[in-house]
Amino acid sequence: ISADPLYSFLLGGIMLYIFCASCFFHSSLIHFASELDFSAVYSLSLYPFMYFTHRVWLLRLGLPSNAKHTKSMSILIVCFVVAYALLTFFLPEGIRNFVVLGIIITIVIFGITVERYDRGKTNHYYLVTCMLSILFAVMWFGFDVHKIVCDPDSYIQPHSLWHIFSGLSAFSFHMYIRSERNKI
């Protein structure tokens, strides 16, 4: 996977989409912008899911993940674009959060599987930082939704901490992917 720069370009595009959608929502506070903001978060949750699905797939086939696999990458991109469209446009709003939770749990399972059976290819400390950051981000998101410790006179708000920790998680995950190397 480190041999295919598409993962880096894809993450860059997702981060740019998140930036634009989040700025649009936070500056307008309209429903359509809120839907765009959430769809950006869905794309970010699907990104590591796609990465680990690819790694598990290659591991299962006995193929090295640090070589280019154009066909499997193309199939994954089509599958995950369809999954993104279903998640964003067709699932009822109440079910989406449970689907994203399922995606996060699957990411953790796939991450543990890859690190257990394909050990030594990546710096797993980046993955640990990523997972801890996303747990803190989800916690602060829950605080924001339920208006816990939301003080209008405070400079620090749970929603801002959600953004900080989810950004740290995305950065850590990118560093995790970039740390992939050949087995010695």
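Buried means under 20% relative accessible area, exposed means over 50%, and partly exposed lies in between, with a 1.4 Å probe and protein chains only. The model described here is predicted: local features need pLDDT of at least 70, side-chain atom pairs count only at pLDDT 80 or more, and totals for chains, interfaces and linings use all residues. Residues are numbered from 1 along each chain as its sequence is written, and side-chain values use heavy atoms, with hydrogens and water left out.

## Salt bridges

A salt bridge is a side-chain nitrogen of Lys or Arg within 4 Å of a carboxyl oxygen of Asp or Glu. By this rule the count comes to three.

| Arg96 | Glu35 | 3.1 Å |

Helices, here and below, are DSSP runs (H or I, at least four residues), and strands are runs of E with at least two residues; both are numbered from the N terminus.

The side chains of Glu35 and Arg96 meet in a salt bridge. Glu35 belongs to helix α2 and Arg96 to helix α4 (residues 93-117), so this pair ties together parts that are 61 residues apart in sequence. Glu35 is partly exposed, at 21% relative accessible area, whereas Arg96 counts as buried at 8%.

Where does Arg55 lie? Arg55 is part of helix α2, and its relative accessible area of 1% makes it buried. Asp118 sits in the loop between α4 and α5, so the bridge from Arg55 in helix α2 ties together parts that are 63 residues apart in sequence. Asp118 has 10% relative accessibility and counts as buried.

Helix α3 covers residues 70-90. The helix has 21 residues and reaches 29 Å from its first C-alpha to its last, close to the 30 Å expected at 1.5 Å a residue. The expected span is 1.5 Å times one less than the number of residues.

Which residues of α3 are buried? They are Ser72, Met73, Leu76, Phe80, Tyr84, Leu87 and Thr88. These residues cover an arc of only 115 degrees around the axis, which puts them on the same side of α3. The arc is that of the directions from the helix axis to the C-beta atoms. An α-helix has 3.6 residues a turn, so residues three or four places apart point the same way. On the other side of α3, Lys71, Val78, Val81, Phe89 and Phe90 are exposed.

A nonpolar surface patch of about 550 Å² is made by Val78, Val82, Leu86, Phe89 and Phe90. Patches are made of residues with over 30% relative accessible area and no salt bridge, with like charges joined within 9 Å and nonpolar side chains (Val, Leu, Ile, Met, Phe, Trp, Tyr) within 5 Å. The accessible areas come from the Shrake-Rupley method with a 1.4 Å probe, and for residues only the protein chains shown count as cover. Val82, in helix α3, counts as partly exposed at 46% relative accessibility.

## Aromatic pairs

Rings of Phe, Tyr and Trp (its six-membered ring) pair if their centres lie within 6.5 Å; planes under 30 degrees apart count as stacked, over 60 as edge-to-face and the rest as tilted. A search of the whole structure finds 18 aromatic pairs. One of them joins Phe49 and Phe80 edge-to-face, at 5.3 Å centre to centre and 80 degrees between the planes. Phe49 lies in helix α2 (residues 31-61) and Phe80 in helix α3, so the pair ties together parts that are 31 residues apart in sequence. Phe80 is buried, with 11% relative accessibility. Ring pairs also link Tyr7, Tyr47, Tyr51, Phe52, Phe173 and Tyr176 into a cluster.

## Loop residues

Most residues other than glycine have a negative phi, and most peptide bonds are trans. Leu29 has a positive phi, near 55 degrees. Leu29 is placed in the loop between α1 (6-28) and α2, and at 62% relative accessibility it counts as exposed. Lys147 also has a positive phi, near 55 degrees. Lys147 belongs to the loop between α5 (124-145) and α6 (158-178) and is exposed, with a relative accessible area of 58%.

Pro64 lies in the loop between α2 and α3. Its relative accessible area is 38%, so Pro64 is partly exposed. The C-alpha atoms of Pro64 and Tyr126 are separated by 21 Å, and the two residues are 62 residues apart along the chain.
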